[in-house]
Amino acid sequence: AREQRWGEAQQAYFRAYSTEPDNADFIFNLAVSLDQLHQDRLAAQYYQMALNAAEAPEGSHAGFDRSQVRKRIQELLP
């Protein structure tokens, strides 16, 4: 992601998500990579999944700003 290689980042984040599907940060990173690849609907879906995971008791340590994620979902969906 740091190198703006979003296709590769998306694959790596998907692998990470596959190993820990309840990890809000992994889901969020996958959403960001999809967002950067202009896959708006899929990105919005994964952003919502990240929010849901973050709101679960075990997800309370999520490292992203939930209000910013909610705003981005609204921007992506017509």
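Y17 has a relative accessibility of 15%, so Y17 counts as buried (buried is under 20% relative accessible area, exposed over 50%, partly exposed in between; 1.4 Å probe, protein chains only). The model is predicted: local features need pLDDT of at least 70, side-chain atom pairs need pLDDT 80 or more, and totals for chains, interfaces and linings use all residues. Residues are numbered from 1 along each chain as its sequence is written, and side-chain values use heavy atoms, without hydrogens and water.

## Surroundings of Y17

**Task.** In which helix does Y17 sit, and which residues does Y17 touch beyond four places in sequence?

**Solution.** Start with the place. Y17 belongs to helix α1, residues 6-19. Next, list the partners. Y17 touches F26, I27, L30, Y46 and M49, leaving out residues up to four places away (contact means heavy atoms within 4.5 Å). Then take a C-alpha distance. Y17 and F28 are 11 residues apart along the chain, and their C-alpha atoms are 9.4 Å apart.

## The overall fold

**Solution.** Count the elements. Read them along the sequence, and the pattern is α-α-α-α. Now check the dimensions. The C-alpha trace spans about 35 × 30 × 20 Å along its principal axes. A compact globule of 78 residues would have a radius of gyration near 12 Å, and the protein agrees because its value is 12 Å (taken over C-alpha atoms; the rule is 2.2 Å times the number of residues to the power 0.38). Turn to the packing. Of the 78 residues, 35% count as buried. Take contacts between residues at least 6 apart in sequence: 45% of them join residues at least 24 apart.

## S33: buried or exposed?

**Task.** Decide whether S33 is buried or exposed, then name its contacts.

**Solution.** Locate S33: it is found in helix α2. Read its relative accessibility. The value is 0%, so S33 counts as buried. Set aside neighbours within four places in sequence. S33 is then in contact with W6, A9, Q10 and Y13. Follow up on Y13.

## The buried side of α4

**Task.** Which residues of helix α4 are buried, and what covers them?

**Solution.** The buried ones are V69, I73 and L76. They lie on the same side of α4, because they cover an arc of only 70° around the axis (the arc of the directions from the helix axis to the C-beta atoms). An α-helix has 3.6 residues a turn, so residues three or four places apart point the same way. Now look for the cover. It includes α2 (24-36) and α3 (40-55). D40, found in helix α3, and L76 are 36 residues apart in sequence and 5.6 Å apart in space, C-alpha to C-alpha. D40 itself is partly exposed, with a relative accessible area of 34%.

## Two loop residues

**Task.** Where are H38 and E58, and what is the phi of H38 near?

**Solution.** H38 is in the loop between α2 and α3, and E58 is in the loop between α3 and α4. Check exposure. H38 counts as exposed at 67% relative accessibility, and E58 counts as exposed at 53%. Now the backbone angle. Phi of H38 is near 60°, which is positive in a residue other than glycine. Most residues other than glycine have a negative phi. Last, a distance for E58. D22 is 36 residues away in sequence and 8.7 Å away in space, C-alpha to C-alpha.

Terms used:
Helix = DSSP H or I, 4+ residues; strand = E, 2+ residues; numbered from the N terminus.
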